[in-house]
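Please keep the sequence and the structure in view while reading.

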Amino acid sequence: MDSQIADNGAPTPVKAPADQAAASVANASHGGLPRNPGMPLDLDWALGIEANTSAIERRCASLPGRRTVKKDHQAAWLLKAVTCIDLTTLAGDDTDARVQRLCAKARQPVRADILSDLGMSKITTGAVCVYHDMIPAAVRALHGTDIPVAAVSTGFPAGLSPFHLRVEEIRESVKAGAREIDIVISRRHVLTGNWQALYDEMKAFREACGEAHVKAILATGELGTLRNVARASMICMMAGADFIKTSTGKEGVNATLPVSLVMIRAIRDYYERTGVHVGYKPAGGISKAKDALVYLSLMKEELGNRWVQPDLFRFGASSLLGDIERQLEHHVTGAYSAGYRHPMA
Amino acid sequence: MTIKEIFDSMDYGLAPESAADAFAWLVDQGSRFGLFIDGTFTQPGKGFESRNPATGEVLAELTQATQKDVEAAVKAARAAQPGWAEIGGTGRAMFLYAIARLLQKHSRLFAVLETLDNGKPIRESRDIDIPLVQRHFYHHAGHAQLMDTEMAGREALGVCGQIIPWNFPLLMLAWKVAPALAMGNTVVLKPAEYTSLTALLFADICRQAGLPKGVVNIVTGDGAVGEMIVNAKVDKIAFTGSTDVGRKIRQATAGSGKALTLELGGKSPYIVFDDADLDSAIEGLVDAIWFNQGQVCCAGSRLLVQESVSERFHTKLRARMKTLRLGDPLDKCVDVGAIIDPVQHAQITKMVASARNCTVHQSPVALPTQGCFYPPTLIEGLSPADPLMQEEIFGPVLVSTTFRTPAEAVELANNTRYGLAATLWTENVNLALDIAPKLAAGVVWVNGTNMFDAAAPFGGVRESGFGREGGVEGLMAYTRASEKPEPLAPVPAFESNDAPVAPGGLDRTAKMFVGGKQARPDGGYSKPVYGPDGNLLGHVGIGNRKDVRNAVEAAHAAKGWSKTTGHLRAQILYYLAENLAARADEFAMRIDAMTGKGTGAAEVEASLQRLFSAAAWADKYDGLAHGVPIRGVALGMKEPVGTIGILCADEAPLLGLISAVAPALAMGNRVVLAASQAFPLAATDLYQVLETSDLPAGVVNILTGSHKELGETLVKHLNLDAVWSFSSTDLSKMIEEASAGNLKRTWVNNGQAFDWSRDQSKRFLQAATEVKTVWIPYGE
């Protein structure tokens with residue numbers, strides 16, 4: 001286990017003094033688990049995966065009716081969801097001050113009195129996710145915490161800048177202090193069936209990340225079919241992705257449950273054959289507390305409890321936190337809450 | 001548990017649905033129920049307790065209906081029926097719509113009550129049963145509205161006795177009541193004694209809807225009450241339940257003229273091909289065999305996996321079984337609820353305990369300390385010869401085996417007495433659409449399972465019963481042709497005048513026509529045929545059991561006929577007509593010589609028309625693409641019934657035969673005919689016509705002899721799919737009774753004449769086909 005990962009914190013309470021325990025739970029990048037070393041490209045496997053869209057949609061449509069959490073369980077699950085959020089700002093008008101505000105929210109995502117009423121110690125979000133130029137501001141703002149800074153990279157969101165610049169961008173971001181790199185794959189490699197190119201690209205990105213964890217954004221909304229999503233997921237994992245992630249948030253369709261189910265099942269398949277844990281990050285379009293609970297139950301059902309921890313599961317979301325905060329206050333007071341009662345990012 | 005602890009463990013916790021309103025409703029009713037007869041509840045009488053299988057607690061006391069009660073209910077239904085039919089399609093549509101609306105308004109009360117009474121998870125009653133119930137009434141409000149225009153020439157049967165099972169109490173009620181009411185029938189319905197409460201709440205809804213008194217009557221009680229209904233003066237019995245009871249009802253109603261539909265047991269195959277989305281196929285299995293604790297007649301209970309993926313599939317399946325949640329059915333986070341009753345639980349336990357030479361794997365669930373629960377179970381490594389591969393368990397128990405090729409999958413799938421449903425998983429559209437028609441089942445689900453809709457007919461083949469529920473086929477089972485038939489007088493053969501046989505003629509003794517060849521009767525006996533003047537016309541063989549056996553065998557061997565195209569069958573039917581026309585005079589003279597009625601020429605002419613009609617229909621009696629509420633299609637495919645035994649009419653020896661046979665052939669059936677007993681020579685003369693018309697050997701087989709003897713052997717033959725009798729010998733009761741053996745489809749005349757002079761080809765086409773509903777969800 002390398003020091004970088006240890007620094008990122010593990011979900012096991014091995015190292016932490018009491019006041020840091022919660023933070024370490026929340027900030028795990030891949031705590032306690034070996035990273036995905038990747039493997040040689042196995043096209044028979046990757047291309048043999050089937051994904052039946054109707055059946056997948058049915059499973060997703062019925063899941064919210066099959067699994068639900070109420071009362072204290074709901075509150076606990078929502079808190080868990082908070083710790084899995086990559087609090088994100090990816091806007092052209094981002095400034096250092098704006099990022100600083102976001103980081104402050106990441107440090108204290110839920111009002112202290114609410115946490116205290118719920119009997120919880122301090123929690124933080126899973127990470128803060130920004131563009132490369134915002135990394136220094138984020139790193140400064142998160143100094144003294146275990147919250148990693150994640151940077152979107154490789155010509156995000158389209159991924160069409162020159163390849164060497166995309167690789168260089170990763171290196172620059174890591175150098176600037178990003179501990180997680182969210183890369184975008186070349187969708188054209190998937191759409192043209194150039195799987196070797198996809199594998200090689202991902203492998204190069206992974207290498208450029210060094211100790212930083214790499215999340216592979218598939219941009220599922222642009223891959224055309226669920227089968228393509230499954231294949232791209234598998235090939236990115238073979239090439240060493242630590243996480244696979246649905247979307248940039250900029251595509252027409254971002255995270256959906258069916259896409260998630262396909263990616264999660266690919267993760268399970270990869271785990272069953274290699275024993276390696278790969279994380280999952282749905283991004284874009286998840287804005288309701290209720291949706292977050294469904295995602296958590298999907299993870300729990302398909303992958304098990306180990307995968308509902310921030311080292312293996314993240315939400316890429318900006319407005320989700322606000323809804324969760326209102327739900328948590330409702331849980332405490334029994335009265336529906338209002339947005340302005342919760343500090344903004 | 002503290003929130004902090006849950007935060008770490010990420011457990012689900014309890015999520016109970018409140019039963020308060022349902023209990024309040026029960027208490028409001030005094031927790032005791034009478035029967036719902038003629039629009040009012042009777043005083044509660046002696047009866048039995050209805051229990052919650054998840055806890056064992058008594059929910060209410062119910063009344064065991066007496067003979068008098070059943071008679072009163074039938075009387076009320078009888079009195080109400082003419083008025084109910086009279087108010088017309090729109091009138092009935094408005095009531096059905098009102099019922100649908102009320103079901104919707106009280107949906108949660110129905111769902112909770114259903115779960116309390118039956119033990120199924122609240123998710124299922126809330127998300128599946130009750131919405132399907134509403135859908136059924138909405139859909140059939142539409143059928144009522146359209147009856148006048150779309151069901152022209154059909155009318156209500158009258159009073160329908162309906163007996164439903166405990167596994168989908170309200171849904172089965174809806175499947176029975178909605179179409180019956182839509183078509184102008186009134187009903188006497190008996191819910192299962194374990195699960196009567198939602199039926200009684202439904203009675204309450206009928207009152208709220210202002211449904212005219214007597215249109216719906218609900219009597220509670222055990223099988224004895226069911227028997228009373230079967231024997232009551234009703235016009236139809238609709239039954240859903242076990243094959244054993246179905247058989248008894250078939251026997252009990254034999255010869256009574258009561259219409260009958262039976263939806264019985266199953267051991268439905270669930271086929272997974274190597275190119276399937278395995279994870280989705282596993283999720284499908286959860287819906288197939290662990291839906292409603294596996295207490296589902298169409299449960300995919302027989303898993304057939306292609307050998308090449310079997311190990312992976314089973315590994316994934318065992319893993320999936322670990323995350324099934326069993327427990328309080330009212331918990332919104334539970335997959336598997338309670339078994340209906342300790343009796344059923346004991347039966348499941350006993351059957352699983354009998355498993356030999358296999359691996360039994362059960363979900364590692366903690367069974368609640370009280371109530372009636374059985375863990376999800378997988379029995380691997382069985383062979384078709386093992387009883388558990390053949391017998392319906394009716395519990396959360398999946399049995400599995402493997403296959404090597406698609407052909408073997410079909411063989412294994414069809415190696416059963418049942419034929420209710422089948423599921424197949426493949427991403428190959430060619431494979432899916434090739435296999436679906438080959439499966440002996442009334443319903444086939446492609447890449448999905450247990451999909452139901454009011455617009456898509458549901459029902460079985462073989463010993464899973466007959467009749468369809470849902471769609472237009474379902475309406476046919478609640479209507480009859482409006483005509484009023486006349487009684488049919490027996491048509492005796494003419495006796496000899498004992499005159500000496502005129503010398504000089506060349507002897508022509510007809511043989512049997514079996515497998516495309518003329519065959520001597522096995523028994524070696526013949527009998528003379530005389531004309532009305534008593535002169536000898538010729539001899540025909542006396543067919544016996546062995547001749548029937550040979551003929552059925554030949555018919556089976558000709559199975560290629562069922563796979564031919566409608567176009568080809570039309571060509572052959574036209575050719576038959578051509579060859580018959582060439583000998584029209586000869587046939588007309590022969591008929592006149594036998595019957596002495598001088599109608600021969602007209603009969604030949606009409607026969608030619610029937611052949612033309614059948615040829616015309618051969619490529620036009622199409623199936624449907626049903627408008628089901630999924631992205632996909634539910635195809636209503638018309639398939640041949642298979643092999644049909646036909647006792648041909650005596651009063652029209654050629655026309656009766658051709659009228660029945662031509663549509664049967666057009667639809668791809670193979671037939672074994674018993675020629676008119678009185679006037680068999682028109683049939684035997686046909687041999688040469690058949691031989692010269694390119695009809696493959698064995699497609700038509702003709703026997704001569706006694707209708708009673710031949711009919712008895714035919715109807716008992718377990719490898720024959722249907723028997724029709726237009727014989728003037730009164731055999732209807734015998735045939736219906738004996739058909740119970742393999743529950744073959746029967747069409748008997750009940751001693752009533754059939755108007756052969758009219759072209760009624762459509763009735764024959766209908767009887768000659770089974771509708772298979774093939775669900776094909778799609779989407780990429």
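## A helix and its surroundings

Helix H4 (residues 88-105) of chain B has 18 residues and should span 26 Å at 1.5 Å a residue, which agrees with the 26 Å between its end C-alpha atoms. The expected span is 1.5 Å times one less than the number of residues. Helices (H or I, at least four residues) and strands (E, at least two) are DSSP runs, numbered from the N terminus.

This is a predicted model, in which local features need pLDDT of at least 70 and side-chain atom pairs count only at pLDDT 80 or more, while totals for chains, interfaces and linings use all residues. Residues are numbered from 1 along each chain as its sequence is written, and chains are lettered from A and ligands numbered from 1 in the order in which they are written.

The buried residues of H4(B) include Gly89(B), Arg92(B), Phe95(B), Leu96(B) and Ile99(B). A residue is buried if 20 or more other C-beta atoms lie within 10 Å of its own, exposed if 12 or fewer, and partly exposed in between, with C-beta atoms placed from the backbone. Among the elements that cover the buried residues of H4(B) are helix H5 (107-118), helix H6 (122-150), helix H7 (169-182) and helix H8 (197-208) of chain B.

## Core and buried residues

The largest nonpolar core has 373 residues, and those with the most contacts inside it are Val128(A), Leu573(B) and Leu673(B). Such a core is a set of buried Ala, Val, Leu, Ile, Met, Phe, Trp, Tyr and Cys residues joined through C-beta atoms within 7 Å. H7(B) gives the most to this core, with 11 residues.

Val446(B) lies in strand E17 (residues 443-446) of chain B. Val446(B) counts as buried because it has 27 C-beta neighbours inside 10 Å. Leu424(B) is 22 residues from Val446(B) in sequence, with 5.1 Å between their C-alpha atoms. Not counting residues up to four places away in sequence, Val446(B) touches several residues, including Leu424(B), Val774(B) and Trp775(B). Two residues are in contact if their C-beta atoms, placed from the backbone, lie within 7 Å.

Ala409(B) belongs to helix H15 (residues 406-413) of chain B. Ala409(B) is buried, since 25 other C-beta atoms lie within 10 Å. Leaving aside neighbours within four places in sequence, Ala409(B) contacts Ile271(B), Leu304(B) and Phe403(B).

## Domains and chains

Chain B is assigned domain 1 (35-264 + 474-480), domain 2 (268-459) and domain 3 (542-624 + 640-770); the bounds come from an automatic or database domain assignment. The C-alpha centres of domain 1 and domain 3 of chain B lie 38 Å apart. Their contact takes 9 residues from each of these two domains of chain B.

According to an unreviewed UniProt entry, "domain: Aldehyde dehydrogenase" covers residues 46-481 and 533-749 of chain B. UniProt positions are given in the numbering used here, feature names are shortened, and annotations may be inferred rather than shown by experiment. The two spans are described below.

| Span of chain B | Distance between end C-alpha atoms | Helix | Strand |
|---|---|---|---|
| residues 46-481 | 42 Å | 44% helix | 18% strand |
| residues 533-749 | 29 Å | 47% helix | 18% strand |

The contact between the chains takes 32 residues from chain B and 31 residues from chain A. Helix H1 (3-9), H6 and helix H11 (278-289) of chain B each supply at least two residues of the side of chain B that touches chain A.
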